[in-house]
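Open the model and keep the sequence beside it.

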Amino acid sequence: MEVVALDTQPENTSGLSHGVLVNVIYSFYPASKAGILKGDIIVSLDDQTIFDLDSFNTLLQGYKYKYGQITLGISRKGQIQKIKVHLD
């Protein structure tokens, strides 16, 4: 999965001022298996708010060498959902 800063994307019509936009999803990777889609906006990671690309990368760095699962809060079509992603 690749994400980009939300505030730099002209296609951001969500009205959200925080989070990161999912730009690319790779098949058979954890995010894809969990159901994350291109265009989703990640707004939280394990109930910690994602303010921008830097905060997302900082939080994600703590999981770099761990297995288990994380919960991503995403905005999709104006609805907030929680999706569990199994790290493997």
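How many of the five residues of β3 are buried? Five of the five are, so β3 is largely enclosed by the rest of the structure. Buried means under 20% relative accessible area, exposed over 50%, and partly exposed in between (1.4 Å probe, protein chains only). Helices (H or I, at least four residues) and strands (E, at least two) are DSSP runs, numbered from the N terminus.

This is a predicted model, in which local features need pLDDT of at least 70, side-chain atom pairs count only at pLDDT 80 or more, and totals for chains, interfaces and linings use all residues. Residues are numbered from 1 along each chain as its sequence is written, and side-chain values use heavy atoms, leaving out hydrogens and water.

Now the partners of β3. Two strands pair if DSSP finds at least two bridges between them. β2 pairs with β3 in the antiparallel sense over two bridges, and L21 has I41 as its bridge partner. Strand β5 (residues 68–76) runs antiparallel to β3, joined by four bridges. There, I42 stands opposite I74. β4 is also antiparallel to β3, over two bridges, with Q48 the bridge partner of L45. β3 and β4 form a hairpin with two residues between them. In its turn, D46 has a positive phi of about 50 degrees.

Next, helix α2 (residues 53–61). Its buried residues are S55, F56 and L59. The face turned away from the buried side carries the exposed residues D54, T58 and Q61.
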